[in-house]
Amino acid sequence: MTKAQPDLIVVGAGLTGLTIAERVASELGKSVLIYETRNHIGGNAFSYFEPKSGIEIHKYGTHVFHTANEKVFEYVSGFTKFNNFQHKVLSNHKGTLFNFPINLNTLNSFFDLSMDENEAKTFLESLKENPGGRAENLEDKAKQLVGRVLYEAFIKGYSQKQWQEDPKNLPSTIINRIPVRFNSDSRYFDDIHQGLPLDGYGSWFESMAANKKITILLETDYFDIKKDLSPDIPIVYTGPIDRYFDYKHGLLGWRTLDFEHEALPIDSFQSAAVVNYPDLDVAFTRIHEFKKLYPERRISNGATHIMREYSRAAEREDDPFYPMNRGIDREILSKYKNEKVGNTIFAGRLGSYKYMDMDVAIAAALTLYRNTIIPLLT
Ligand SMILES: Cc1cc2nc3c(=O)[nH]c(=O)nc-3n(C[C@H](O)[C@H](O)[C@H](O)COP(=O)(O)OP(=O)(O)OC[C@H]3O[C@@H](n4cnc5c(N)ncnc54)[C@H](O)[C@@H]3O)c2cc1C
């Protein structure tokens, strides 16, 4: 503990914690102490530069910033510029690459047709099974949305590998829609602002944490020092909500990812930054090739770095990545939400048990700051 008491404690130096801390320090001039278990700031959006090749590696999977929220874009633009990279994902089905999400090119090349937009719309309607009917499970739902053939090529194996479960046994609520474009737009996101921070994620996050009123203690687990903290200091907690209560109502279900890195002495491994592998005879779900995210850096020095991604259910000691959000999870979550917590505020993807893109996490943190933290500290 520092001698002078901070005005606010933040648990977790991810984008949620950094946004709250930055606002409190810069706008209110108050001091913030951040505890972070890991040896770096930035949470799951963290990246580092591989010393030999100079390639920026996204440690927890490819992170592309994208937003249609002008307030968020204006806020983050105070800390970084972006390279305007437009993310385009390919899907490798039986050795052939297709645009993904499904668009006009996917439909034409998959079915060996040359449809225009209107023909493709009519064609997709003809593929749909039981449209408007009852969907008992994820498989039924996907077949309603895009038909059996596209489901089996692009969705079935990918979902099974992601969830380690036959989609017939997964709830239909996992998907509301499967995006299909009837033009040749092959961008993964359609937000107006997208890109990678020009000088890297590290530079962006350091800029957010630069205020002298912010102190960050890395490799420090909040639960190891909790007993020494004054109970009067308000806390914003962005760690897992079930852990906060020592799992007394049970563990919330998460999926985690395992990553397998490979540095290769070639200029290029694949034709996109991310290629999906939906087929069941391939164990991984995706391959990331990070240098493709930064065309402006022109790294073509006979080196590239790829990362294969595998998905599975998280154990207690694993990094929680995607909330499973099953019925049982929602029951457990509501029990935790009903607990009395004094001056602790839960926030972020782990604290609220909600998947959030970076812009959504920042927007939620800015709202929390304005509606709750300002009145609390002033
Ligand atoms: C695989 C994957 C890919 C993604 N790709 C994208 C993308 O392309 N674009 C996009 O916009 N978003 C993406 N996201 C989402 C993005 O990572 C989140 O929006 C962001 O992580 C949310 O920030 P956060 O601060 O809420 O959580 P986190 O980043 O998880 O930060 C929480 C921090 O709290 C720390 N912590 C937890 N418990 C404790 C404790 N007891 N003591 C101290 N510290 C603790 C953790 O170590 C962590 O650093 C992706 C997420 C995942 C999982």
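**Note on the predicted model**

1. With 378 residues, a compact globule would have a radius of gyration near 21 Å, and the chain, at 22 Å, agrees with that value; the radius is taken over C-alpha atoms, and the globule rule is 2.2 Å times the number of residues to the power 0.38. The C-alpha atoms fill a box of roughly 70 × 50 × 35 Å along the principal axes.

2. This is a predicted model, in which local features need pLDDT of at least 70 and side-chain atom pairs count only at pLDDT 80 or more, while totals for chains, interfaces and linings use all residues. Residues are numbered from 1 along each chain as its sequence is written.

3. The chain has 12 helices and 16 strands, where helices (H or I, at least four residues) and strands (E, at least two) are DSSP runs numbered from the N terminus. Among contacts between residues at least 6 apart in sequence, 75% join residues at least 24 apart, a contact being a pair of residues whose C-beta atoms, placed from the backbone, lie within 7 Å.

4. The chain is divided into domain 1 (8–86 + 195–253 + 323–377), domain 2 (89–174) and domain 3 (256–270 + 280–313), with bounds that come from an automatic or database domain assignment. Where domain 1 and domain 3 touch, the contact takes 12 residues from domain 1 and 13 residues from domain 3. On the domain 1 side there are 4 nonpolar, 6 polar and 2 charged residues, with Ala, Val, Leu, Ile, Met, Phe, Trp, Tyr, Cys and Pro counted as nonpolar, Asp, Glu, Lys and Arg as charged, and the others, Gly among them, as polar. The C-alpha centres of these two domains lie 26 Å apart.

5. Of the 378 residues, 35% count as buried; a residue is buried if 20 or more other C-beta atoms, placed from the backbone, lie within 10 Å of its own, exposed if 12 or fewer, and partly exposed in between. The largest nonpolar core has 80 residues, of which Val10, Leu18, Ile20, Ala21, Val32, Ile34 and Ile362 touch the most other members. Helix 12 gives the most to this core, with 7 residues. Such a core is a set of buried Ala, Val, Leu, Ile, Met, Phe, Trp, Tyr and Cys residues joined through C-beta atoms within 7 Å. Beyond its neighbours within four places in sequence, Val32 is in contact with residues including Pro6, Val10, Ala21 and Ile214.

6. Around the ligand there are 35 residues, of which Gly12, Gly14, Gly43, Gly239 and Gly348 come nearest; a residue is near if its C-beta atom, placed from the backbone, lies within 6 Å of the molecule. Helix 1 (15–28), helix 8 (222–225), helix 11 (348–351) and helix 12 (358–377) each supply at least two residues of this shell, which divides into 16 nonpolar, 13 polar and 6 charged residues.

7. Tyr201, in helix 7 (residues 201–208), counts as buried because there are 24 C-beta neighbours inside 10 Å. Leaving aside neighbours within four places in sequence, Tyr201 is in contact with Gly42, Ala45, Phe46 and Ser47.

8. Some backbone geometry deserves a check. Most residues other than glycine have a negative phi, and most peptide bonds are trans. The peptide bond from Phe100 to Pro101 is cis, with omega near 5 degrees. Asp112, in the loop between helix 3 and helix 4 (117–127), has a positive phi near 55 degrees and counts as exposed, with 6 C-beta neighbours inside 10 Å.

Conventions
Contact = placed C-beta atoms within 7 Å.
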